[in-house]
Amino acid sequence: MLSRQIAQKLRGYETPFYLYDTALLRQTLESVVYESKKYGYKVHYAIKANYDDHLLAIIREYGLGIDCASGNELRKAVEAGFDPKGIVYAGVGKRDKELRYAIGQEIMAINCESIEELELVDRLAGEAGKKTDVALRINPDIDPKTNHCIDTGQADSKFGISYEEVLEHAKEIKSLKNIRIVGIHLHIGSQIRELHVFENMCNKVNVIVENLEKLGFSFRFVDVGGGLGVNYDVPENEPIPNFASLFSIVHNHLAVGDREVHFEFGRSIVAECGEL
């Protein structure tokens, strides 16, 4: 890694400190942009992975959107110059003032994690005199084959609305007047190294989208989250994650027509370029 190449130059610095290889970051961004453009996919950077201003400035150069998991992350993304129309906002603990800020910024979508949150966003949007774009975050009940502490898409996870609950409340959801349901969002976990897991995800998404559209929902985009893992054991053997294989798997197994397909990558973009 970079520290080994410039060890002599680092001897004068007090430790600990973070060292970032911005050349590797740019190579990683070039890879994800190049591979995603083959299929017309949209990529968002999960800002929770690292919100250093210097790194964000580089990431912005490559045209990525932003995925936020808190109100402060959303504010950081806006203040760092990212286009609100490329920002999605997920998370189970959104406060009213954070939702009001998101509504005011007219971001791409608020990913709602429960029926109650849909109702809350509808009410707050009405108070603001706006109609707000939201996505349904569906819990797909898929084992991501990763550490149990960072899987987010199984039935006992706190993240997302169960598919059955959406079906049960479909009429109520569609009756909300101050929101537009423009997308569907799924995220099954982080640090996923067994890529066949994404095949299972695609097959589940296909069924969910098809059945919800039969109930009268209409989605502009499908957000399949991120989760692509990195090689922490021998990082020099795989400095750039295998975006090509992931996108190929999704292309071959996801069948959602001409809807936009979005991804959210965090550690797979920045983890390899940083050293402590």
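1. Contact here means heavy atoms within 4.5 Å, and by that criterion Gly71, Asn72, Leu74, Arg75 and Val78 of helix H5 meet Glu98, Tyr101, Ala102 and Gln105 of helix H6. These contact residues divide into four nonpolar, three polar and two charged (Ala, Val, Leu, Ile, Met, Phe, Trp, Tyr, Cys and Pro count as nonpolar, Asp, Glu, Lys and Arg as charged, and the others, Gly among them, as polar).

2. The model is predicted, with local features needing pLDDT of at least 70 and side-chain atom pairs counting only at pLDDT 80 or more, while totals for chains, interfaces and linings use all residues. Residues are numbered from 1 along each chain as its sequence is written, and side-chain values use heavy atoms, with hydrogens and water left out.

3. The axes of H5 (residues 71-79) and H6 come within 9 Å and cross at roughly 30°; H5 and H6 are therefore roughly parallel to each other (angles under 35 degrees). The crossing in which H5 passes H6 is left-handed, the near helix being turned anticlockwise from the far one by less than a right angle.

4. Helix H6 (residues 96-105) also packs with helix H7 (residues 115-128), at an angle of about 60° and with the axes 10 Å apart, which makes H6 oblique to H7. The crossing of H6 and H7 is right-handed.

5. On the H6 side, this contact is made by Asp96, Leu99, Arg100 and Ile103, and on the H7 side by Glu117, Leu120, Val121, Arg123, Leu124, Ala125, Glu127 and Ala128. The residues of the H6 contact with H7 comprise seven nonpolar, no polar and five charged.

Definitions and conventions: Axes fitted to C-alpha atoms, helices over the stretch in contact; angles between N-to-C directions. Helix = DSSP H or I, 4+ residues; strand = E, 2+ residues; numbered from the N terminus. Parallel < 35°, antiparallel > 145°, perpendicular 65-115°, else oblique.
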